[in-house]
Amino acid sequence: MTRRIRRRRGTSPAAPESLPFNDDMLLEILLRLPPQPSSLPRASAVCKRWRGLVTDPRFLRSFRANHRKPPLLGIFESFNMMLDANGIARYRSYDHNYKRLHLNLAFRPILDPPDRVPCQRFDLRRHDIKIGKFRPNRLLGCRHGRALLMDHMRNEVIVCDPITGHGHRIKAPPELYNAYGAVLCAATDQGHVHGSCHSCPFKVVLMSLWGDEGADEDEEGNRPIVRVYSSETGVWGNAILTTTRCELCNCNPGILVGNVIYWSSKSVGSAISFFNLDGFTDDIIEFDLDKQSLALSKGPPDLDGSSRHQIIHAEDGAVGLAILSHGRFEMWQRKVSCHGGDTWLLQKTIEVHTILGLAPQIEGSMRVMEILGYDEDNGTIFVYVDTSVYIVQLMSMQFKKLYESNHAYSCHPFTSFYAPGDCSALVFVLR
């Protein structure tokens with residue numbers, strides 16, 4: 001007779017042993033978190049073990065290497081304001097009651113919560129950088145997690161890390177007083193990924209269009225000059241000049257493509273473009289960081305008649321140009337032959353209203369359109385249409401409306417990885 005085995009109520013079969021969950025397996029999961037600011041701080045808040053893993057410098061290096069491109073945290077806007085008769089700051093106006101023009105800077109976050117960084121977090125005044133009435137510092141550009149400013153009163157350049165708050169003041173060469181500039185990481189470590197270069201050495205490149213003061217007055221055009229500062233040596237390099245002159249009077253911020261920095265003629269607003277026709281030119285200044293050489297090249301045929309354009313990254317690492325003309329985006333790419341000659345080819349033409357999902361422009365009316373800036377890391381361009389600012393991914397032509405504004409201000413995109421230990425990141429993502 002078979003004996004029954006009676007099971008007590010409330011009991012269940014023994015659970016199988018859980019799979020071993022070691023640090024290596026956990027690291028592989030954490031490495032695949034998105035690179036947005038909230039990802040690692042939230043992971044570090046789970047437990048002490050997780051925090052130890054995601055704050056380890058070796059993990060952070062692997063995390064950056066896995067994602068390659070840092071996220072766009074926001075933009076620094078350069079905008080003009082005036083003081084009224086009562087000393088109150090107002091937007092630029094032609095009212096004669098306004099006394100003085102002051103250049104101002106402000107950070108505008110563009111990510112949605114919980115990744116949105118408060119604008120106060122990157123207020124440059126927190127880092128002893130005077131902005132406004134008594135110290136009109138000019139923002140020259142942002143790159144590799146740093147911002148570069150020019151203090152005209154002291155004739156100094158300021159290299160600031162908005163995340164850590166660390167800054168460097170460097171005396172500018174006297175011949176580069178009114179210069180354009182670029183800051184970039186100078187790390188040479190194999191596999192280094194830009195975007196969190198807080199402790200890495202850096203270089204500053206200053207370019208001026210007025211470097212040939214001893215030239216004959218009969219000679220037309222300007223002769224650009226470049227000098228490079230290295231934080232490793234603490235000195236400025238020798239002056240580098242072009243052998244030819246250019247017709248550039250003002251420039252857009254420099255764009256780094258490969259190891260070459262490009263400057264094109266400054267884009268101007270539609271309201272004043274008709275009064276600046278002499279300032280349009282198809283000259284492009286190129287500074288090769290590897291060869292330490294400065295040269296001039298010509299842009300596509302439409303560049304000398306365009307008031308709105310932007311140097312961009314094209315396919316296969318080539319230099320490109322986006323021209324905003326008659327409500328259309330023209331996308332150009334430069335092709336270099338084996339003999340060294342170059343040709344600009346029109347890749348595509350797209351109607352702006354089609355990209356942004358807007359109604360077609362009414363015949364006889366004028367639609368306000370401006371190019372405000374370009375994000376080198378993510379290939380996105382900022383455009384102002386009517387009263388709205390949009391960000392457009394140039395490869396996919398996907399767009400997002402960021403905010404509304406009555407004024408089109410130039411913007412400098414700021415990209416960086418945001419690690420848990422950077423300036424108490426947990427404060428804003430876990431509130």
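Q: What makes E22 and E23 a hairpin in this predicted model, and which residue there takes a positive phi?
A: The hairpin of E22 and E23 has two residues between the strands. Asp386 takes a positive phi near 60°.

Q: How do you know that E22 and strand E23 (residues 388-393) pair?
A: Pairing requires at least two bridges. Six bridges join E22 to E23, and the strands run antiparallel, so they count as paired. Within this pairing, Val383 stands opposite Tyr390 in E23.

Q: What makes strand E21 (residues 369-375) a partner of E22?
A: The cut-off is again at least two bridges. E21 and E22 have six bridges in the antiparallel sense, and therefore they pair. Glu370 has Tyr384 in E22 as its bridge partner. E21 and E22 also form a hairpin, with four residues between them; in its turn, Gly379 has a positive phi of about 65°.

Q: Why is strand E22 (residues 380-385) called mostly covered?
A: Buried means under 20% relative accessible area. Six of the six residues of E22 are buried, so the strand is described as mostly covered.

Q: Which residues of E22 point each way?
A: Thr380, Phe382 and Tyr384 point one way, while Ile381, Val383 and Val385 point the other way. All of them are buried. In a regular strand, side chains alternate between the two faces of the sheet.

Q: Why is Gln333 called buried?
A: Its relative accessibility is 4%. The limit is under 20%, so Gln333 counts as buried. Gln333 belongs to strand E19 (residues 328-336), and the residues it touches include Ala314, Val319, Trp344 and Leu345.

Q: What makes the approach of Gln333 to Glu315 a polar contact?
A: A polar atom of the Gln333 side chain lies 3.3 Å from the backbone oxygen of Glu315. The cut-off is within 3.5 Å, so the distance meets it.

Terms used. Residues numbered from 1 in each chain as written. Predicted model: local features only at pLDDT ≥ 70, side-chain atom pairs only at ≥ 80, totals over all residues. Heavy atoms only, no water. Buried < 20%, exposed > 50% of the residue type's maximum accessible area, 1.4 Å probe, protein only. Polar contact = N/O pair within 3.5 Å; in protein donor to acceptor, adjacent residues only side chain to side chain. Contact = heavy atoms within 4.5 Å. Lists of a residue's contacts leave out its neighbours within four places in sequence.
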